Amino acid sequence: MNEAEGLRQRRALRPHVVTEDNLAQEAKEGSTYSSKVFRVTFLTLAVAVAVPLLGVTILLDCPIDPQPISLKEPPLLTGVLEPNTKLRKAERLWENQLVGPESIVNIGDVLFTGTADGKIIKIEDGEIQTIARIGHGPCEICSKNINVFPLVSTKTLIEGHKLSFINDLTVTRNGRKIYFTDSSSKWQRQDYLFLIMEGTDDGRLLEYDTVTKEVKILMVGLRFPNGVQLSPAEDFVLVQETTMARIRRYYVSGLMKGGADMFVENMPGLPDNIRLSSSGGYWVAMAAVRPNPGFSLLDFLSEKTWIKRMIFKLLSQETLTKFVPKYSLVVELSETGSYKRSFHDPNGVTVAYISEAHEHNGHLYLGSFRSPFIGRLDLQHV
């Protein structure tokens, strides 16, 4: 090949022109590559975490067998239910001197309460005295004037079921009849969150006759029957059905004796205890609310049993209680069950987890199954 042929076969080198379009294309290709790498990495990590987690949740046992619960949309917090901060006016009494005083009663000006650590406490002239201790083991009597003895043994089967979670009671004025709730024959007091989330319907309302010593079952199939209260005329008993956010009524005398109906349905929170008010109505304490507007975890999970199973396979009751908002609510109902007024403490700043509102001498004494004090609200200043 001569020099001329070599020159003919050579190709001239074309200059590479850099333009904005070239740079944009290169940047786009680099961005697309980076996005692909990120997606692949993310999906790989997600699968690496999800597969073992799924395997664990399948293999782990769930402590509850949740049942689907049908709840109506919570009532709007408007009108007499409008949120306020009236409960923040309450004062804390005997703080850190008692543990979880859930329920309160008075004889004259002397207060009595039971605490979470099994004590029966008497409060007179501001002084606290432990008069008895109940629970596992022998009963410890701390006062010579107090005798403690069982009326009904929890070992006794009542129509085939044991009394596992005896909760609240109300007594006729003559002392003859005691009406009480057995929240569950499966779960005990410390398992109340299991009871709510499972939707167990083995709760009962019972009657004890102090003369004949007989126990009679009045209502069955209740989902966490809790507080119970005789009407002022003692013709019916009201029963708080906590899981269902409602109050049932059972007639114990009169033409409707033995019958039952709904007293209040679809309440704005989970009702705990119920007590008489001086107006002839009832005080209802709610340790948890169903905010509307807002998000209610109970309502969200009510029919999603698979999510409940997943949650309780991974988390303990103690952990889950930390996610319960500390929103306290007390409502006053009329004698017919309509709302008269409500007292709130958003975020539980002053009083949290209220289980009972007991009226005495113009004050509401606020009990709680978790707080280390008794709250007192002056009704003349709210």
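Which strand supplies the largest share of the lining of the second largest pocket? Strand E10 does, with three residues. Keep in mind throughout that this is a predicted model.

Let me stay with that pocket. Its space comes to about 190 Å³. There are 14 residues in the lining, and those closest to the centre of the pocket are Lys 177, Glu 207, Lys 216, Leu 218 and Lys 257. Four strands each give at least two residues to the lining: E8, which covers 177–182, E9 at 203–209, E10 at 215–222, and E13 at 246–251. Sorted by class, the lining of this second largest pocket holds six charged residues, six nonpolar ones and two polar ones.

Now the chain as a whole. The protein chain has 382 residues, of which 43% count as buried. Its secondary structure consists of 21 strands and six helices. If you take the contacts in the chain with a separation of 6 or more, 54% of them are between residues 24 or more positions apart.

On confidence, the average pLDDT for the protein chain is 87, and 84% of the residues reach at least 70. One stretch to treat separately is residues 137–144, where pLDDT stays under 50. The model has 13 contacts beyond four places in sequence for that stretch.

What does Asn 106 touch, apart from its neighbours within four places in sequence? The contacts are with Leu 111, His 358 and His 360. With His 360 there is a polar contact between the two side chains, at 3.2 Å. The Asn 106 side chain also reaches the backbone oxygen of Gly 108, at 2.8 Å. For one more distance, take Ile 123: Asn 106 and Ile 123 are 17 residues apart in sequence, and their C-alpha atoms are 9.3 Å apart in space.

To go back over the two sites: the pocket has E10 as the largest contributor to its lining, and Asn 106 has side-chain polar contacts to the His 360 side chain and to the Gly 108 backbone oxygen. That is what I have for today.

Technical notes: Residues are numbered from 1 along each chain as its sequence is written. This is a predicted model: local features need pLDDT of at least 70, side-chain atom pairs count only at pLDDT 80 or more; totals for chains, interfaces and linings use all residues. Side-chain values use heavy atoms; hydrogens and water are left out. On a 1 Å grid over the protein atoms alone, a cavity is a set of points where a 1.4 Å probe fits but cannot get out, and a pocket is an open set with protein on both sides within 12 Å along at least five of seven lines; lining residues have an atom within 4 Å of a point. Grid points are joined across faces, edges and corners, and a volume is the space filled by probe spheres set on the points. Ala, Val, Leu, Ile, Met, Phe, Trp, Tyr, Cys and Pro count as nonpolar, Asp, Glu, Lys and Arg as charged, and the others, Gly among them, as polar. pLDDT is the predictor's confidence in each residue, from 0 to 100. Contact means heavy atoms within 4.5 Å. A polar contact is a pair of N or O atoms within 3.5 Å; within protein, one must be able to donate a hydrogen and the other to accept it, and residues adjacent in sequence count only if both atoms are side-chain atoms. Buried means under 20% relative accessible area, exposed over 50%, partly exposed in between (1.4 Å probe, protein chains only).
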